Amino acid sequence: MVPLRQKHMTPEMAAEIRAEAEKGDSESQSRLGDLYRFGAGVKFDIKEAIKWYSAAVEKGSGSGMARLGRCYELGSGVTRDHEKAEDLYIKSAELGCAEGMDRLAEMYLRGRGKKGTKEDAVKWY
């Protein structure tokens with residue numbers, strides 16, 4: 001399912017985001033990862049999504065960490081690895097990223113995280 005904010009993404013808009021991502025803007029890198037992950041304005045390509053999320057993570061992007069973590073949690077484009085997902089969610093949450101906080105809390109609530117408990121989930125919600 002394509003998120004509403006990306007539903008009307010045109011190839012021209014995607015090209016503008018790509019240009020900023022190629023200049024090293026971490027939030028554009030994370031957004032470009034989303035476009036490839038959902039096939040919005042570009043052809044669906046999960047490997048390209050992982051590439052751009054990883055670039056955003058290298059720049060310290062909390063949203064990039066949360067989204068790459070989600071890929072690891074689901075095994076989307078990478079081998080499923082809940083420990084890597086948890087580590088990325090923790091880093092994202094510690095940066096104040098709401099998406100990372102939510103994903104980490106959900107992981108703990110469902111008993112998937114090894115570094116936290118259901119009680120810890122409450123702290124991140």
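## Terms and basis

Helices, which are DSSP runs of H or I with at least four residues, and strands, which are DSSP runs of E with at least two, are numbered from the N terminus. This is a predicted model, in which local features need pLDDT of at least 70 and side-chain atom pairs count only at pLDDT 80 or more, while totals for chains, interfaces and linings use all residues. Residues are numbered from 1 along each chain as its sequence is written, and side-chain values use heavy atoms, with hydrogens and water left out.

## Serine 28 in helix 2

Serine 28 is part of helix 2, and with a relative accessible area of 11% serine 28 is buried, a term that stands for under 20% relative accessible area, whereas exposed stands for over 50% and partly exposed for values in between (1.4 Å probe, protein chains only). Once its neighbours within four places in sequence are set aside, serine 28 is in contact with Ile17, Glu20 and Ala21, where contact means heavy atoms within 4.5 Å.

## Helix 3

Helix 3 has 13 residues and spans 18 Å from its first C-alpha to its last, close to the 18 Å expected at 1.5 Å a residue; the expected span is 1.5 Å times one less than the number of residues. At its N-terminal end, helix 3 is capped by aspartate 45, a side-chain oxygen of which lies 3.2 Å from the backbone nitrogen of lysine 47. After helix 3 comes glycine 60, with a positive phi near 90°.

The buried residues of helix 3 include Ile46, Ile50, Trp52 and Tyr53, and the buried residues of this helix pack against helix 1, helix 2 and helix 4.

Helix 4, which runs over residues 62-74, is mostly covered, as 11 of its 13 residues are buried. Among these buried residues are Met65, Leu68, Cys71 and Tyr72, and the buried residues of helix 4 pack against helix 2 (26-38), helix 3 (46-58), helix 5 (82-94) and helix 6 (98-109). Helix 4 is followed by glycine 75, whose phi is also positive, near 75°.

Arginine 80 sits in the loop between helix 4 and helix 5 and counts as exposed, at 54% relative accessibility. Not counting residues up to four places away in sequence, arginine 80 touches Tyr72, Glu73, Leu74 and Gly75, and its side chain reaches the backbone oxygen of glutamate 73 at 3.4 Å.

## The largest nonpolar core

A nonpolar core is a set of buried Ala, Val, Leu, Ile, Met, Phe, Trp, Tyr and Cys residues joined through side-chain atoms within 4.5 Å. The largest one holds 29 residues, of which Met9, Leu32, Leu35, Trp52, Leu68, Tyr72 and Leu104 touch the most other members. Two or more residues of this core come from each of helix 1 (11-22), helix 2, helix 3, helix 4, helix 5 and helix 6, and the largest share, 6 residues, comes from helix 3.

Methionine 9, leaving out residues up to four places away in sequence, touches Ala14, Ile17, Arg31, Leu35, Ala40 and Gly41.

## Cysteines

A search of the whole structure finds 0 disulfides, a disulfide being a pair of cysteine sulfur atoms within 2.5 Å. The sulfur of cysteine 71 is too far for a bond, because the closest cysteine sulfur, in cysteine 97, is 14 Å away. Cysteine 71 is buried, with a relative accessible area of 0%, and cysteine 97 also counts as buried, at 15% relative accessibility.

Methods. A polar contact is a pair of N or O atoms within 3.5 Å; within protein, one must be able to donate a hydrogen and the other to accept it, and residues adjacent in sequence count only if both atoms are side-chain atoms.
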